[in-house]
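Dear colleague,

I am passing on the structure below, followed by notes on what was found in it. Please read the notes with the model open beside them.

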Amino acid sequence: MKKKIVILPGDGIGKEVTAEGKRVLQYIADSFGHEFEFEEGLIGHDAIEKTGNALPDETLALLKKSDAILFGAVGHPKYDNDPTLKVRPEQGLLKMRKELGLYANLRPIKLFDELLEASSIKPEILKGSDILFFRELTGDVYFGEKGRKDDGNTAYDLMIYQRYEIERIAHKAFQAARTRKKKITSVDKANVLESSRLWRETVNEVSKQYPDVTLEHQFIDAAAMKLIQNPRSFDVVLTGNLFGDILTDEASQIAGSMGMLASASVGDTVGLYEPIHGSAHDITGKGIANPLASILSAALLLDISFGLKEESETVINAVEATLKNGLRTIDIADAKTSSDKILNTSQMGNQVILEIEKVGNRQVAVGRDL
Ligand code: NAD
């Protein structure tokens, strides 16, 4: 298979972890006889510094011609500390989602048994958790009218949804539910918000086309509590942009660390794959970032955009085997992890590649870069 993949490292640890995700993709291509052509683009703070624009036109043109995108993260302390700066890294990400019509963000939250002890939640509550989130990406307070009035003393962000935006992601979630436990939890705040009442009404309507899937509704406040109290009670979760943002970060604790969670953003064109974490200024440049979320994002890319199920499973199995061997980056280490089992970012990438070689049982022709 011949495919063009754009790599967008972005800022901070985005650069460090994406290098490992790319290496795994290259290794898979070499092992399974595919040809992946990689091109790199600018986004975020890096792009602002070089071009004055968080998503330069050249990057957008590159993305539109590609078959899939592997993205790192954007962000820089300069903007976090000064909210008045007009040109901001996250504008690049929001523009990219909008321009590429990426309306559905899929976030699988699967706990590897080996990491049961790494979470701050009790193992008996966590064991067996396996949730697939569908977070809507192009509506809500992120894109509604926003501004200030009364000399800057009043601020507003309009929470807005259109019926078609809810319908299209609901269909994706119901279709996925059919391949899993046939159960969906839709999360909203319909007791207070009109946009949530439209959300609930629309999801109920769409559900009529999927009579084999059980639909339940929960309010965001209750869902946030139940996610920690009983994560196994969820299978597919469907929710809006803001609630999804918060719930999926909360759910990262089920998986042990932000550094473990991958996501896919899909719509009707090219798919975007990225870790759920940000640019993590606190650990940037130290070489200790966990690259597994980026590597698992690469696995999602292989599966969803290219339909390469065997290759994707090979990557996931290699991650699992690496963890079974007791190897950890610092964020997922626990009190029992001995210091010789703690790896840095590129060492972790190396181990996954070594396991791919074993799991896939393939001979690698070229491109071995350990
Ligand atoms: P963050 O996700 O960057 O970090 C949160 C915490 O998790 C930090 O302590 C960090 O060290 C840790 N962490 C995250 N990823 C890790 C990894 N791979 N390995 C080990 N530890 C990891 O969130 P934040 O600190 O709130 O934000 C930092 C910057 O990232 C901000 O500028 C923010 O705007 C940006 N951000 C970007 C995105 C994105 O690009 N999609 C998402 C969230 C935050």
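A cavity here is a set of points, on a 1 Å grid over the protein atoms alone, where a 1.4 Å probe fits but cannot get out, and its lining residues have an atom within 4 Å of a point. Before going further, please note that this is a predicted model, in which local features need pLDDT of at least 70 and side-chain atom pairs count only at pLDDT 80 or more, while totals for chains, interfaces and linings use all residues. Residues are numbered from 1 along each chain as its sequence is written, and side-chain values use heavy atoms, with hydrogens and water left out.

The structure holds one cavity of 30 Å³ or more, and about 80 Å³ of space lies in the largest cavity, a volume being the space filled by probe spheres set on the grid points, which are joined across faces, edges and corners. The largest cavity is lined by D140, M159, Y161, V187, D188, L193, S195, S196, W199, T239, G240 and F243. This lining divides into six nonpolar, four polar and two charged residues (Ala, Val, Leu, Ile, Met, Phe, Trp, Tyr, Cys and Pro count as nonpolar, Asp, Glu, Lys and Arg as charged, and the others, Gly among them, as polar). Strand 8 (183-188) and helix 8 (194-207) each supply at least two residues of the lining, and helix 8 gives the most, with three residues; helices (H or I, at least four residues) and strands (E, at least two) are DSSP runs numbered from the N terminus.

Because E201 lies in helix 8 and R163 in helix 7 (residues 163-178), the pair ties together parts that are 38 residues apart in sequence. In total, the structure holds 22 salt bridges.

With regards

Conventions: 1 Å grid on protein atoms, 1.4 Å probe; cavity = no way out; pocket = protein on both sides within 12 Å on 5 of 7 lines; lining within 4 Å. Salt bridge = Lys/Arg side-chain N within 4 Å of Asp/Glu carboxyl O.
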